[in-house]
Amino acid sequence: MPVPFLTRIAVVFFLMLAATFPALAEPRFALIVGNQSYGSVTPLDNPAADAQLVADALEQRGFTVKLLLDADQITLTRAIAQFGRDLRSGGEETTGLFYYAGHAVQSFGTNFLLPVDVSLTDAADLSLVALRADAVLRQMSSAANRTNIVILDACRNNPFVDIPDMNDNGLAEMNAPTGTLMAYSTSPGSVALDGTGNNSPYTQAMVAEMQKPGQTIEQMFKRVRGTVLEATKGRQTPWETSSLTTDFQFTPERKLSPEEIAEKQFFDSVKASRDPVQIVLFLRTYPGSVHFEEVRGLLSNVLDGERAKTGAVASAEPAAPAPPPVAVPKEPEASERELIEAAQGSGNPVDFQAYLDAFPDGVFAELARMEMAALVKAAPEPEPAAPAPDPVVEASAKPAELAPLAPEDLTMQTPLAVADQALAGKTIAMLIEGSPLFAPIEGLPDSVWSGRQCATCHVWNQEELCEVGGGYVTAQNTRALSKQHPYGGGFKRVLKTWAEGGCR
């Protein structure tokens, strides 16, 4: 469907505007660890699946991911050191994320992550066989990057409960350095659930929320907390502490394209104005819009109201016909689009009927019916032969300035030399500010359009009218020029002549 001139101008403007903004390309690095196959302590069921789920979700959101499954102490230590180097090489704008699922314990207020080869018989040896969690924070802090995230889905149970001085539950709360968010699957000192399905309730909820666009990370974890509380019947309360200085989003809100921006502005305009003409123009221009059904319902409500007002004033007059049903939006086939464009080019009712025969429920069926009805209605009726005019009287009745003009002499400000009294002596510029003689769209009640300026019926200005006139120049026959809409076929012939002269 042809897009209105002003809409195209808006599209070009927003394209130029969008080009002035730099692309966002901040580096994102993630180290993901899932430890479950322990040799000397109780194995776990879900950390490997949880880690894989998180890794996949982060890769889809632009992270460069290092995934470790069942990491021993040496592997885990080396991976964290490399993670720090990656963050330092990324620069200030880098985002770092560390996720750990597996066993973790606290001792004397310090948290330790347990590699799968951990073996402990005395609490004093814990720092020798496990990894201090704050080692990760030190690596992140050394990078001086803007945003860091640490997620611990650990403390599912205490594997060293029988060892003296190792009977503290859960993890201790850690202070988050500036620019860091610390997220725990459960509150400090509490135990998290491993879950009965393939994933822990915490990680499952987190990944689901991570995919929702437009949420800041604080909003996301708030929703995660609500989901986990419901899933565990209040037995597990996720916890966060944050010193972030930016509004980080895993999935930023998708930016609208220039075309979508123009469509939204048009949609907002028709909702505010409730102008039935503009509403129909929206339906014609955007048959595949997500707002299509809402706008179609708005049109029905507006026309019902207009018909009710018209009936109250003149109940004896027959009710205005209801507008034809608008087609359900769908993507038209190439052949369907070619057929409607051919009909529009010819302006022949036969061609519109050919489209309807081929696509009775097509995207453009409503438009085809309206155009065809208007063309049939506007077909000239035979007129009785008029007596021969008196040359003397005719010459005296026609002002000299209304002599027929060649295309190169017709401008926006030239008085029109036409027989139609509604047009004679007026300029194109004057007619734009005038009132239409016919309904701009078939089926509209008179109260909607009668007495209103033509500038409110269509996007009428010099550029738009020039394009319309150019269409009449290339029309395959004269039927398109006879449609009485809104000043009749005479005005269309004026526009054709004006366009041939360059639309001055």
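Q: What's the strand order in the open sheet?
A: The order is β2-β1-β3-β7-β8-β9, six strands in an open sheet with mixed pairing. Strands are DSSP E runs of at least two residues, helices are H or I runs of at least four, and both are numbered from the N terminus. Two strands pair if DSSP finds at least two bridges between them.

Q: Which strands stand at the edges?
A: β2 (64–69) and β9 (239–242) do; each has a single partner strand, so one side of each has no neighbour in the sheet. Neighbouring strands are turned by 10° against each other on average, direction ignored.

Q: Before we go on, what kind of model is this?
A: It's a predicted model, where local features need pLDDT of at least 70, side-chain atom pairs count only at pLDDT 80 or more, and totals for chains, interfaces and linings use all residues. Residues are numbered from 1 along each chain as its sequence is written, and side-chain values use heavy atoms, with hydrogens and water left out.

Q: Back to the sheet: how many bridges join β1 to β3?
A: Seven, and β1 (28–34) and β3 (95–101) run parallel. Leu31 stands opposite Phe98 in β3.

Q: Which strands does α3 lie across?
A: Helix α3 (73–90) lies across β1, β2, β3 and β7 (147–153), at about 170° to β1. Axes here are lines fitted to C-alpha atoms, for helices over the stretch in contact (heavy atoms within 4.5 Å). Angles run from 0 to 180 degrees between N-to-C directions.

Q: And α6, where does that lie?
A: Helix α6 (201–210) lies across β3, β7 and β8 (180–184), running at about 145° to β7. It's mostly covered, with eight of its ten residues buried. Buried means under 20% relative accessible area, exposed over 50%, and partly exposed in between, with a 1.4 Å probe and protein chains only. Those buried residues pack against α2 (47–59), β3, β7, β8 and α7 (217–231).

Q: How many residues are in the largest nonpolar core?
A: It has 44, and Phe98, Tyr100, Leu114, Leu126, Leu152 and Phe160 have the most contacts inside it. α3 gives the most to this core, five residues. A nonpolar core is a set of buried Ala, Val, Leu, Ile, Met, Phe, Trp, Tyr and Cys residues joined through side-chain atoms within 4.5 Å. Apart from that one lies another core of 29 residues, including Ile32 and Met220.

Q: New topic: which cysteines does the disulfide join?
A: Cys466 and Cys503, S to S 2.1 Å; the rule is a pair of cysteine sulfur atoms within 2.5 Å. The link is right-handed, with 85° about the S-S bond. Cys466 sits in helix α17 (462–473) and Cys503 in the segment after α18 (489–500), 37 residues apart.

Q: Is Cys503 buried or exposed?
A: Cys503 is buried, at 8% relative accessibility, while Cys466 is partly exposed at 25%.

Q: How many salt bridges does a search of the whole structure find?
A: Eleven, where a salt bridge is a side-chain nitrogen of Lys or Arg within 4 Å of a carboxyl oxygen of Asp or Glu. One of them pairs Arg146 with Glu93 (3.1 Å, N to O). Arg146 is in the loop between α5 (134–143) and β7, and Glu93 in the loop between α3 and β3, so the pair ties together parts 53 residues apart in sequence.

Q: Which residues are linked with Arg146 in a network of salt bridges?
A: Glu92 and Glu93.
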